[in-house]
Amino acid sequence: MTEKTNLQTRNDPNPIRAFCTICRARGYAIYEMDLAMAGEEFYAEIKRSTNGGGEN
């Protein structure tokens, strides 16, 4: 049932919001910006360490 519900979000006009709504209904605090920013903080840390810390 879970996989079928998740796959049905593809047909929603806003699939990311639909997916996050399902997650929150199941007790996981996942929001649209969490998905959009996933990996950005890590990438910035790597770039700062490689370039000597000039980018924030």
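Biologist: What covers the buried residues of α2?

Modeller: The cover includes α1 and α3. This is a predicted model, in which local features need pLDDT of at least 70, side-chain atom pairs count only at pLDDT 80 or more, and totals for chains, interfaces and linings use all residues. Residues are numbered from 1 along each chain as its sequence is written, and side-chain values use heavy atoms, with hydrogens and water left out.

Biologist: Thanks! And which residues of α2 are buried?

Modeller: Ala18, Cys20, Ile22 and Cys23. Buried means under 20% relative accessible area, exposed is over 50%, and partly exposed is in between (1.4 Å probe, protein chains only).

Biologist: How many disulfides are there?

Modeller: The count is zero, with a disulfide taken as a pair of cysteine sulfur atoms within 2.5 Å. The closest cysteine sulfur to that of cysteine 20 belongs to cysteine 23, and at 6.0 Å it is too far for a bond. Cysteine 23 is likewise in no disulfide.

Biologist: What share of the residues is buried?

Modeller: Of the 56 residues, 11% count as buried. The accessible surface is about 4800 Å², and 55% of that belongs to carbon and sulfur atoms. Those areas come from the Shrake-Rupley method with a 1.4 Å probe; for residues, only the protein chains shown count as cover.

Biologist: Where is threonine 9 found?

Modeller: Threonine 9 sits in the loop between α1 (2-8) and α2. This threonine is buried, with a relative accessible area of 10%.

Biologist: And what is threonine 9 in contact with, leaving aside neighbours within four places in sequence?

Modeller: Pro15, Ala18, Phe19 and Ile22. Contact means heavy atoms within 4.5 Å.

Biologist: New topic: how many salt bridges does a search of the whole structure find?

Modeller: One. The side chains of glutamate 32 and arginine 17 form the salt bridge, at 3.4 Å from N to O. Glutamate 32 is in helix α3 (residues 32-36) and arginine 17 in helix α2 (residues 15-25), so the pair ties together parts 15 residues apart in sequence. The rule asks for a side-chain nitrogen of Lys or Arg within 4 Å of a carboxyl oxygen of Asp or Glu.

Biologist: What about the accessibility of glutamate 32 and arginine 17?

Modeller: Glutamate 32 is partly exposed, at 27% relative accessible area. Arginine 17 also counts as partly exposed, at 49%.

Biologist: Which residues does arginine 24 contact, again beyond four places in sequence?

Modeller: Arginine 24, which lies in helix α2, is in contact with Ala29, Ile30, Tyr31 and Glu32. A polar atom of the arginine 24 side chain lies 3.0 Å from the backbone oxygen of isoleucine 30. Arginine 24 is partly exposed, with a relative accessible area of 30%.

Biologist: Last one: where is confidence lowest, and where is it highest?

Modeller: Confidence is lowest in helix α4 (residues 40-51), at a mean of 77, and highest in α2, at 93. For the protein, the mean pLDDT is 83, and 86% of the residues reach 70 or more. The pLDDT is the predictor's confidence in each residue, from 0 to 100.

How values were computed: Helix = DSSP H or I, 4+ residues; strand = E, 2+ residues; numbered from the N terminus. Polar contact = N/O pair within 3.5 Å; in protein donor to acceptor, adjacent residues only side chain to side chain.
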